[in-house]
Amino acid sequence: MKLANLIIFLFLFVSGVAIAGTSSDKHTGHTMNPEMKRQHKTMATIGKQWKACRNALNDNNFKDAGIAVEIIIKAAADIDNFKLHKNTDNHKQFMEQCSDFREKIIKLQEVIKAKDADDVDNTVDAIEESCKQCHTKFR
């Protein structure tokens, strides 16, 4: 009986370790490999910093908005290596949208440095539209 209990315990323990070693994508429910985890971490960083940027801009805090944009620019450099969730056959359009996003983020950085509130609003709107388009097609 003790041997049977030990075997059951070991089986459950090993199964639990195997399950704990994987993670699930909250969007698709698929198990994520390290590459996909890196993608999600990159997008989480961009999302977190975008929120920080928007909050700073709402408070007319151009300094903190600029810091957030710097972090977004660094994180966005990794987007070129992403594997697409859907529409994988359209990688060229994905790369074009990534390039467009980076150009708009760099423009936002310049507009923030100039403290041009009107141009900030227009650039923020353009960035958010770019994000929506890309996520709708490829996420």
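The axes of helix 2 and helix 4 cross at roughly 30° and come within 13 Å. With angles under 35 degrees counted as roughly parallel, helix 2 and helix 4 are therefore roughly parallel to each other. The model is predicted. The protein has 5 helices and 0 strands, and along the sequence its pattern reads α-α-α-α-α.

**Overall make-up**

- Of the 139 residues in the protein, 28% are buried.
- Taking contacts between residues at least 6 apart in sequence, 61% of them join residues at least 24 apart.

**Helix 2 against helix 4**

- Helix 2 passes helix 4 in a left-handed crossing.
- On the helix 2 side, the contact is made by Ile46, Trp50, Cys53 and Leu57. On the helix 4 side, Phe101, Ile105, Leu108 and Ile112 take part.
- In general, an α-helix has 3.6 residues a turn, so residues three or four places apart point the same way.

**Helix 2 itself**

- Helix 2 covers residues 34-58, and its end C-alpha atoms lie 36 Å apart. This agrees with the span of 36 Å that its 25 residues should have at 1.5 Å a residue.
- At the start of helix 2, Asn33 places a side-chain oxygen within 3.1 Å of the backbone nitrogen of Glu35.
- Just after helix 2, Asn60 has a positive phi of about 55°.
- The buried residues of helix 2 are Met36, Gln39, Thr42, Ile46, Gln49, Trp50, Cys53, Ala56 and Leu57.
- These buried residues pack against helix 3 (62-76), helix 4 (91-114) and helix 5 (117-138).

**Thr42**

- Thr42 is found in helix 2. Its relative accessibility is 9%, and buried means under 20%, so Thr42 counts as buried.
- The side chains of Thr42 and Asp78 are joined by a polar contact of 3.1 Å.
- Apart from neighbours within four places in sequence, Thr42 is in contact with Ala75, Asp78 and Phe82.

**Helix 3 against helix 4**

- The axes of helix 3 and helix 4 are 10 Å apart, and the two helices pack at an angle of about 155°.
- Angles over 145 degrees count as roughly antiparallel, and helix 3 and helix 4 are therefore roughly antiparallel to each other.
- Helix 3 passes helix 4 in a left-handed crossing.
- Helix 3 contributes Phe62, Ala65, Gly66, Val69, Glu70, Ile72, Ile73 and Ala76 to this contact. Helix 4 contributes Phe101, Arg102, Ile105, Ile106, Leu108, Gln109 and Ile112.
- Phe101, Ile105, Leu108 and Ile112 of helix 4 are in the contact with helix 3 and also in the contact with helix 2.

**Helix 4 against helix 5**

- The axes of helix 4 and helix 5 cross at roughly 160° and come within 10 Å.
- Helix 4 and helix 5 are therefore roughly antiparallel to each other.
- Helix 4 passes helix 5 in a left-handed crossing.
- From helix 4, the residues that meet helix 5 are Gln93, Phe94, Gln97, Asp100, Phe101, Lys104, Ile105, Lys107, Leu108, Val111 and Ile112.
- From helix 5, the residues that meet helix 4 are Asp119, Val120, Thr123, Val124, Ala126, Ile127, Ser130, Cys131, Gln133, Cys134, Lys137 and Phe138.

Key: Residues numbered from 1 in each chain as written. Predicted model: local features only at pLDDT ≥ 70, side-chain atom pairs only at ≥ 80, totals over all residues. Heavy atoms only, no water. Helix = DSSP H or I, 4+ residues; strand = E, 2+ residues; numbered from the N terminus. Expected span 1.5 Å × (residues − 1). Buried < 20%, exposed > 50% of the residue type's maximum accessible area, 1.4 Å probe, protein only. Contact = heavy atoms within 4.5 Å. Polar contact = N/O pair within 3.5 Å; in protein donor to acceptor, adjacent residues only side chain to side chain. Axes fitted to C-alpha atoms, helices over the stretch in contact; angles between N-to-C directions. Parallel < 35°, antiparallel > 145°, perpendicular 65-115°, else oblique. Left-handed = near helix turned anticlockwise from the far one by under 90°.
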